[in-house]
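These are my notebook entries on a single protein structure. I set down what I looked up, entry by entry.

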Amino acid sequence: MTETQPNPPGDKHYVAKVLERKDLSEDLWLVRVDPGGPFKFVAGQYATLGVDHNGKRIERAYSIVSSPYEDGLEFFIELVPQGDLTPHLYKLHPGDTLLCRKISKGRFTLDLKSGRTNHLLLATVTGLAPFVSYVRTLYKDWKAGNSPMPGNHKLFCIQGGSRSWEFGYREEMEKFAAEVPWFKYVSTISRPWEDETEHGGKLPRNFAARGLAERKHVRGSLFPAAERRLSENILAQN
Ligand SMILES: Cc1cc2nc3c(=O)[nH]c(=O)nc-3n(C[C@H](O)[C@H](O)[C@H](O)COP(=O)(O)OP(=O)(O)OC[C@H]3O[C@@H](n4cnc5c(N)ncnc54)[C@H](O)[C@@H]3O)c2cc1C
């Protein structure tokens, strides 16, 4: 018999609690977590989540979707059926607990200081997470009028997926893009034949070429195979 029971969390971990969960498909879900104590981070960083299983602590990195301005930490997770951790995380529902390291990590933050102002943000599916955090944070600052944004900075975001239901934040990103002058967002799918939506795998003509032409600074979070597929898809349409 296997057991997922927390050992004492120790100095480095909080006992976190699941607050909300939204399933997008059978292997993708969004989850909001109370980290269980003070947790500082900057948009683009990640948290380390884990469980204790059969006396062994299993931990993995997860990019934080939420903005530091929000209560709780939000994550966008894909189930890896044979994986060590995600099958355990997948079983968690509101009220259930997990472990969260007390310290955030990562340097995948938005560079607003180097002087480079065009930011091409490329992601497949859950890779969008840090970019949602950038945009939510910048939007809040922009609305409050105390931001280094917009300045001359522009964010061009392209998200690839196999089918449209994998885009957990598409509506939110499209809403930001419609409202602010400094953010553009396009989603594209690689299996339109499995998906009868209005998107049909099409990128607006020359979108990527325009973004790349203006590019001085690239932030990407694609796995190489996905990046190649997305590039092929873009090239085929331009
Ligand atoms: C900085 C950082 C941020 C991350 N942010 C996120 C995030 O926001 N959301 C998220 O879902 N994951 C994210 N990951 C990946 C995450 O840390 C785990 O690797 C992933 O959840 C798989 O964990 P696992 O223990 O279930 O699988 P493992 O036991 O680690 O992996 C089992 C096998 O599956 C392969 N594998 C791992 N991930 C995938 C995948 N997605 N698809 C197919 N095969 C895979 C591995 O290469 C390995 O061969 C991030 C990783 C890093 C380094």
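I looked up V125 and found it in the loop between β7 (118-124) and α2. Helices (H or I, at least four residues) and strands (E, at least two) are DSSP runs, numbered from the N terminus. The model I am reading is predicted: local features need pLDDT of at least 70, side-chain atom pairs count only at pLDDT 80 or more, and totals for chains, interfaces and linings use all residues. Residues are numbered from 1 along each chain as its sequence is written.

V125 has a positive phi of about 35°, although it is not a glycine. I noted for reference that most residues other than glycine have a negative phi. Is V125 buried or exposed? V125 counts as buried, because 20 C-beta neighbours lie inside 10 Å. The cut-offs are these: a residue is buried if 20 or more other C-beta atoms lie within 10 Å of its own, exposed if 12 or fewer, and partly exposed in between, with C-beta atoms placed from the backbone.

I then looked up N54, in the loop between β3 (46-53) and β4. N54 is not a glycine, yet its phi is positive, near 50°. N54 counts as exposed, because it has 10 C-beta neighbours inside 10 Å.

Next I turned to G161, which lies in strand β8 (residues 154-161). It has 27 C-beta neighbours inside 10 Å and therefore counts as buried. Leaving aside neighbours within four places in sequence, I found G161 in contact with T124, V125, E166, F167, S187 and I189. Two residues are in contact if their C-beta atoms, placed from the backbone, lie within 7 Å. I also noted R191, 30 residues from G161 along the chain, with 8.3 Å between their C-alpha atoms.

My next entry concerns helix α2. Its 16 residues (129-144) should span 22 Å at 1.5 Å a residue, and its end C-alpha atoms are 23 Å apart, which agrees. The expected span is 1.5 Å times one less than the number of residues. Since 12 of the 16 residues of α2 are buried, the helix is largely enclosed by the rest of the structure. Among the buried ones are F131, V132, V135 and W142. After α2 comes G145, with a positive phi near 75°.

From V132 I went to R170, 38 residues away along the chain, and found their C-alpha atoms separated by 10.0 Å. R170 is in helix α3 (residues 170-179). It is partly exposed, having 18 other C-beta atoms within 10 Å.

Which residues touch the most other members of the largest nonpolar core? They are F75 and V135, in a core of 51 residues. The largest share of this core, eight residues, comes from α2. A nonpolar core is a set of buried Ala, Val, Leu, Ile, Met, Phe, Trp, Tyr and Cys residues joined through C-beta atoms within 7 Å. Leaving aside neighbours within four places in sequence, F75 is in contact with V31, V33, Y62, I64 and V65.

My last entry covers the whole protein. I counted five helices and 10 strands. Of its 238 residues, 37% count as buried. Of the contacts with a separation of 6 or more, 71% join residues 24 or more positions apart.
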